Amino acid sequence: MKVCIAEKPSVAREIAGVLGATQRKEGYIEGNGYQVTWTFGHLCTLKEPHEYAVEWKRWEHRVAADDPTPVWYQAD
């Protein structure tokens with residue numbers, strides 16, 4: 001069983017439809033090996049450029065685009 005968490009119920013319904021999950025339960029939709037549930041609001045946001053590197057406080061596209069550092073997320 002795989003669990004997907006969506007930002008809101010309408011998004012969960014869309015995801016469930018694509019995944020073939022059709023059984024509505026209380027607080028989630030299940031089927032085809034998936035459970036799709038939701039919350040209300042954003043679960044994470046991208047970090048600001050200066051949180052990757054201090055020199056990115058004044059961010060330039062070419063600097064960030066050339067850097068192989070992976071994108072990290074910050075929990076809200």
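Which side chain does the side chain of Glu30 join through a polar contact of 2.7 Å? In this predicted model, the partner is Gln35, whose side chain makes that polar contact with the side chain of Glu30.

- Glu30 sits in strand β3, which covers residues 28–31, and although Glu30 is buried, it has no salt bridge.
- The nearest side chain of opposite charge to Glu30 is that of Lys25, which is 4.0 Å away.

**The nonpolar core**
- The largest nonpolar core consists of seven residues, namely Ala6, Ala12, Ala16, Leu19, Ala21, Ile29 and Val36, and helix α1 (residues 9–19) contributes the most to this core, with three residues.
- In soluble globular proteins, nonpolar side chains tend to be buried together.
- Ala12, which lies in helix α1, counts as buried because its relative accessibility is 0%, below the 20% limit used for that class.
- Apart from neighbours within four places in sequence, Ala12 is in contact with Ala6, Ile29, Val36, Thr37 and Trp38.
- Ala12 and Gln35 are separated by 23 residues in sequence, while their C-alpha atoms are 9.8 Å apart in space.
- Leu19, another member of the core, is in contact with Cys4, Asn32, Tyr34 and Val36 when neighbours within four places in sequence are left out.

**Strand pairing**
- Strand β2 (residues 23–24) and strand β3 run antiparallel and are joined by two bridges, with Arg24 standing opposite Ile29 in β3.
- Strands β3 and β4 also pair in the antiparallel sense, here over four bridges, and Gly31 has Tyr34 in β4 as its bridge partner.

**Hairpins and positive phi**
- The hairpin of β2 and β3 has three residues between its strands, and within this hairpin Gly27 takes a positive phi near 95°.
- The hairpin of β3 and β4 has two residues between its strands, and here Asn32 takes a positive phi near 55°, although Asn32 is not a glycine.
- Asn32 is placed in the loop between β3 and β4 (34–38), and it counts as exposed because its relative accessibility is 58%, above the 50% limit for that class.

Note on methods. Residues numbered from 1 in each chain as written. Predicted model: local features only at pLDDT ≥ 70, side-chain atom pairs only at ≥ 80, totals over all residues. Heavy atoms only, no water. Core = buried A, V, L, I, M, F, W, Y, C linked by side-chain atoms within 4.5 Å. Buried < 20%, exposed > 50% of the residue type's maximum accessible area, 1.4 Å probe, protein only. Contact = heavy atoms within 4.5 Å. Lys, Arg positive; Asp, Glu negative; His and termini not counted. Polar contact = N/O pair within 3.5 Å; in protein donor to acceptor, adjacent residues only side chain to side chain. Pairing = 2+ DSSP bridges.
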